[in-house]
Amino acid sequence: MNYPEITLWSDGCYYSPYAMSVFVALTEKGVPFSTRQIDLRREEHLSPAYGAVALTRRVPALGVDDFVLTESSAIAEYLEERFPAPDFKRLYPRDIEKRAKAREIQAWLRSDFLPLRQERPTDVLFAGKTFAPLSEAGKASAEKLIAGATRLLAAGQQNLFGEWSIADTDLAVMINRLVMHGDDVPQPIADYAHFQWQRASVQLWLTQSSRSAC
């Protein structure tokens with residue numbers, strides 16, 4: 001099969017949960033791709049050079065030949081259509097309602113939980129750092145996340161929809177901000193996040209992160 005030239009622009013540390021989501025999606029699809037690093041600490045993402053590539057000047061950005069797309073959830077949906085099943089692995093459930101729910105979860109995780117994202121940044125996940133106890137706002141954010149995850153995983157399943165989807169990776173990232181920091185998380189929810197963390201595509205991202213100079 002002749003593949004297009006595919007490039008993923010990621011942060012230089014491999015700490016971005018959104019770049020991770022796209023990396024996992026590409027890996028699951030099984031398409032060959034290369035990565036380019038953008039140093040966020042030096043604000044390379046704000047440079048005219050990167051602005052000429054990425055509309056939003058954020059990471060990740062995905063290049064497929066001459067087409068470039070930003071925003072991780074938009075990229076995942078594009079990849080699902082660009083490299084469809086049965087020739088490629090599904091990123092979203094087959095069922096239309098479950099597929100819509102997966103997208104709802106992705107949008108929720110990206111638009112909510114700001115206190116949790118601020119107080120438990122991805123340094124927890126990829127550098128083993130620890131931070132101060134959660135503030136009241138952070139606790140409220142964590143409680144909302146756990147309540148939602150408990151509802152979504154009421155049957156104690158290992159995947160959200162009886163089969164893996166990219167929403168599982170995104171949800172596990174958010175939950176593991178707490179689990180890997182040692183915050184209190186109900187065991188079934190922690191077990192779910194741990195199970196998702198063992199996926200080969202996730203482990204490959206963690207290998208890239210561990211090799212970074214950050």
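Q: Which residue stands opposite Ala61 in S4?
A: In this predicted model, Ala61 faces Thr70 of strand S4.

Q: What makes S3 and S4 a pair, and in which sense do they pair?
A: Pairing requires at least two bridges between two strands. S3 (61–64) and S4 (67–70) have 4 bridges, in the antiparallel sense. The count meets the cut-off, so S3 and S4 pair.

Q: What do S3 and S4 form, and which residue in the turn has a positive phi?
A: S3 and S4 form a hairpin, with 2 residues between the strands. Asp65, in the turn, has a positive phi of about 55°.

Q: How do you know that S1 and S2 pair, and which way do they run?
A: Strand S1 (residues 6–11) and strand S2 (residues 34–38) are joined by 5 bridges and run parallel. With at least two bridges as the requirement, S1 and S2 therefore count as paired. In this pairing Asp11 stands opposite Ile38 of S2.

Q: What makes the β-α-β unit, and which hand does it have?
A: S1, helix H1 (residues 17–29) and S2 make up the unit, and it is right-handed. The term applies because, with the strands pointing away from the viewer, the path from the first strand over the helix to the second runs clockwise.

Q: How many helices and strands are there, and why is the protein chain called as compact as a globular protein of its length?
A: The protein chain has 10 helices and 4 strands. Its radius of gyration is 17 Å, and the globule rule gives 17 Å for 214 residues, so the protein chain is as compact as a globular protein of that length. Along the principal axes, its C-alpha atoms fill a box of roughly 45 × 40 × 25 Å.

Q: What share of the residues in the protein chain is buried?
A: Buried residues, those under 20% relative accessible area, make up 49% of the 214 residues. The accessible surface comes to about 10,700 Å², and carbon and sulfur atoms account for 51% of it.

Q: How do you know that the buried residues of H9 line one face of the helix?
A: In helix H9 (residues 187–197) the buried residues are Ile189, Ala190, Tyr192, Ala193, Gln196 and Trp197. Down the axis of H9 they fall within an arc of 155°, so they line one face. The face turned away from that side carries the exposed residues Gln187, Pro188 and His194. Among the elements that cover the buried residues of H9 are H1, helix H7 (136–152) and helix H10 (200–211).

Q: Which residues of H3 are buried, and what covers them?
A: Ser72, Ile75, Ala76, Tyr78, Leu79 and Glu80 are buried in H3. The cover includes H1, S3, S4 and H4.

Q: Why is Tyr3 called partly exposed?
A: Tyr3 has 34% relative accessibility. Buried would need under 20% and exposed over 50%, so the value lies in between and Tyr3 counts as partly exposed. Tyr3 is in the segment before S1. Leaving aside residues up to four places away in sequence, it touches Gly30, Val31, Pro32, Phe83 and Phe88.

Q: What makes Ala85 partly exposed, and where is it found?
A: Ala85 is in the loop between helix H3 (72–82) and helix H4 (96–111). Ala85 and Ala25 are 60 residues apart along the chain, and their C-alpha atoms are separated by 13 Å.

How values were computed. Residues numbered from 1 in each chain as written. Predicted model: local features only at pLDDT ≥ 70, side-chain atom pairs only at ≥ 80, totals over all residues. Heavy atoms only, no water. Rg over C-alpha atoms; globule rule 2.2 N^0.38 Å. Buried < 20%, exposed > 50% of the residue type's maximum accessible area, 1.4 Å probe, protein only. Areas by Shrake-Rupley, 256 points an atom, 1.4 Å probe, with all protein chains shown as cover. Arc of directions from axis to C-beta. Contact = heavy atoms within 4.5 Å.
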